[in-house]
Number of protein chains: 2
Amino acid sequence: MAVQFEVEGEQIVVNDLISVQALDKGFFGTAYQGRKTKLELMPEEALYLMDVRNAVCLKNGKAISFNQLARHYLKRKKFLARYYGYKDWRDRGIIARSVVEAQGSYGRSPVVKYPSKEIEYSKVKAKALFFADDLMAVIDEEEEGLRLYESHWFGQYGTYKAKKNGRYLKLDAYETLFLMKHSGMKANVGEKALVAACRKRRKDFLALYEVYEDWRLRAFVLKTGFKFGTHFRLYFPGASPALANEEWMHSKHVIHVFPRESKMLISEWARAIRVAHGVKKTFILAIPGVKKEHAAEVDFLLYHRKKGGLIENPKEDAPKYAMLALSEEEEIGGEELAQAIEQSKKQGLDLMLAICDRETSVTYYRVKRIELPKSKYEYYEIEWRQP
Amino acid sequence: MAVQFEVEGEQIVVNDLISVQALDKGFFGTAYQGRKTKLELMPEEALYLMDVRNAVCLKNGKAISFNQLARHYLKRKKFLARYYGYKDWRDRGIIARSVVEAQGSYGRSPVVKYPSKEIEYSKVKAKALFFADDLMAVIDEEEEGLRLYESHWFGQYGTYKAKKNGRYLKLDAYETLFLMKHSGMKANVGEKALVAACRKRRKDFLALYEVYEDWRLRAFVLKTGFKFGTHFRLYFPGASPALANEEWMHSKHVIHVFPRESKMLISEWARAIRVAHGVKKTFILAIPGVKKEHAAEVDFLLYHRKKGGLIENPKEDAPKYAMLALSEEEEIGGEELAQAIEQSKKQGLDLMLAICDRETSVTYYRVKRIELPKSKYEYYEIEWRQP
């Protein structure tokens, strides 16, 4: 016989004992007011049971349809995204539970440590010509240009992948500003005019620059990530284009900057991660700017698989991830994402972004915190992943 | 001896005969006021010769540097992008010339023809429940849901890639609006309220819908392109999810919508093409809305290679492409791009977008026009390509 439950006021409850036992065994529902003979269901659980297990939902003694139950929740934020996130996890044979059940910190939120080195950049003895419409600068003093290129991989000397074809150094706007600030480089514009020209073209210029500067001051090398669809590609301390003469040096990381105050469609956000994944780079999300303290709600606690094929369950195990359910056409803000990450960190869980597309297919992105010594910003590795 | 030229007022001219003959043979410069013994150079040509051929530029009898010449052009739009586009083409041993030399139409602009079929969609007999915050609708009448899914691949029945897991049909906002307009489907909201909710979330909703409707009315099937980083993926007439039971049906095309009035950073625009390329899909750019008539300037005429290893040249051959030079951090508008395409169409040339990144590495995207019978919008295949 199919499982059966009832709408009672604002709640969905399971009264008949056979249903109660079957559901409790399957990790659906919670004891109703401490009683073990009655269960309460989350709306997502009830709809899931109707959707894929032919459960019957009664209201005033009459069976109601999926939509008749679902319409109670029409006003809830991203209700369907949450529902399909929940459904997808359960469809995989693993357990998702309400975040209300979270207890303290589970200590399951790993941190990836990155190296950091002291570095000093010496004075630049040449003057750069900055082209405001191109946001690029040229140094035509060959010796100094070559030195900047070879010692710290600033700019592009000669031609890309052929430094001997051509004699000048081309700097992008981040490099230009950095050398003006940290190496006393002169140009045909001052720092203020440079920043104004750049912000006119792209509003997020300073957010990108903050990230560029933060890593450069810790001896990393950042170059354009254009070919990989991101703002920067990243080389670890010690990288040099000189090594790259014989064999081109490949970066393994790319950085995408997501300013706190900006909003982005999930579909656009995911696109950047897709490109990085396609070219086998580790995707780093940077959230510059000052951290705020309050944390946002995540959606579900996720249990995963144990070694040997068994699954984790709420009676015996701790949850592994916190799920933030999102939909393809939703907008997310940098601040909002940072807060959800903060919340899962407090719970000691990794954050799993579950993105429901327009066909209700769910894609997962796992978020790991990065520890970059002395940095005041937040960085995360984001990994596209099958659960 | 190095080639030598002089700045004379606004012009750069070549006076000494040895330089004139060497440059003419290399397809640099044009006859100065009809004289064959004196050449005029474009600034890009002059800078290129200084950059990679050690040419000497004189002003008032004194040699000047690259930047001393380049600073004359500081105020020109995207001067460096144009310069590096020109340089890259020449570095490949092939010829680029000023667009001023274009003569009439060269008839070298191919068109890709797409099929088109008459189609009628029958009346929908079920009512959809639309979730405004998710921009998705659910039909819980199983028979009608399954019919819509199997006959025309509207929505997702059951579960993605597992239609038998679950009993309901999920429609995205484009499908919902289309079925309301063309199949009389009813929902818990009217057309107007639906459109308002969608536009609140994404301003470009109607532009995307116009494209969706245009192809659907010609019997194509469009589904979300989320997994490929685009707005839609496209199936040719006859596609069906029923065929997909045994073997999943793979789309070969994706569509990205670029509204005329919208502006986008080149880097973001290119990112969408990268994802499509990475998954081996043909990228279709859609520019909906009413065509305007004026055409925009392109940057260079490009000659390419002939069979057998020889190169095309302006003395014997017609150009093959028109180059529009762009830089990574530039913004481009849908209208602006449409106009450049229009201009190259008038010249009978394919458009080649040359995008100069922050390291002056140039990437090429070839634009081919698509003919979709009876459509009033413009569609282009865009192909990432090595020249």
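The area buried between chain A and chain B of this predicted model is about 7,000 Å². Buried area is the accessible area (1.4 Å probe) that two parts lose on being put together, summed over both. Carbon and sulfur atoms give 52% of the area between the chains. F226(A), R358(A) and E359(A) supply 13% of the area that chain A buries against chain B, more than any other three residues. The model is predicted, so local features need pLDDT of at least 70, side-chain atom pairs count only at pLDDT 80 or more, and totals for chains, interfaces and linings use all residues. Residues are numbered from 1 along each chain as its sequence is written, chains are lettered from A and ligands numbered from 1 in the order in which they are written, and side-chain values use heavy atoms, with hydrogens and water left out.

In terms of contact (heavy atoms within 4.5 Å), 77 residues of chain A meet 77 residues of chain B. Between the chains, 10 salt bridges are counted. A salt bridge is a side-chain nitrogen of Lys or Arg within 4 Å of a carboxyl oxygen of Asp or Glu. One salt bridge links the side chains of R233(A) and E359(B), at 2.8 Å from N to O. Polar contacts join 45 residue pairs between chain A and chain B, both residues at pLDDT 80 or more. A polar contact is a pair of N or O atoms within 3.5 Å; within protein, one must be able to donate a hydrogen and the other to accept it, and residues adjacent in sequence count only if both atoms are side-chain atoms. Helix α9 (residues 266-278) of chain A gives the largest share of the side of chain A that touches chain B, eight residues. The residues of that side divide into 29 nonpolar, 19 polar and 29 charged. Here Ala, Val, Leu, Ile, Met, Phe, Trp, Tyr, Cys and Pro count as nonpolar, Asp, Glu, Lys and Arg as charged, and the others, Gly among them, as polar.

Chain A holds an open sheet of six strands with mixed pairing, in the order β3-β4-β2-β1-β5-β6. Helices (H or I, at least four residues) and strands (E, at least two) are DSSP runs, numbered from the N terminus. Two strands pair if DSSP finds at least two bridges between them.

β3(A) runs antiparallel to β4 (residues 35-41) of chain A, with three bridges. In β4(A), L39(A) is the bridge partner of A31(A), and E40(A) is that of T30(A). β3(A) and β4(A) form a hairpin with two residues between them. In its turn, Q33(A) has a positive phi of about 45°. β2(A) and β4(A) also pair in the antiparallel sense, over three bridges. There, I12(A) stands opposite L41(A).

Helix α1 (residues 17-25) of chain A lies across β1 (4-8), β2 (11-14) and β4 of chain A, at about 70° to β4(A). Helix α2 (residues 43-53) of chain A lies across β1, β2, β4, β5 (56-59) and β6 of chain A, at about 85° to β4(A). Axes are lines fitted to C-alpha atoms, for helices over the stretch in contact, and angles run from 0 to 180 degrees between N-to-C directions.

Strand β24 (residues 378-385) of chain A runs antiparallel to β18 (residues 282-287) of chain A, joined by five bridges.
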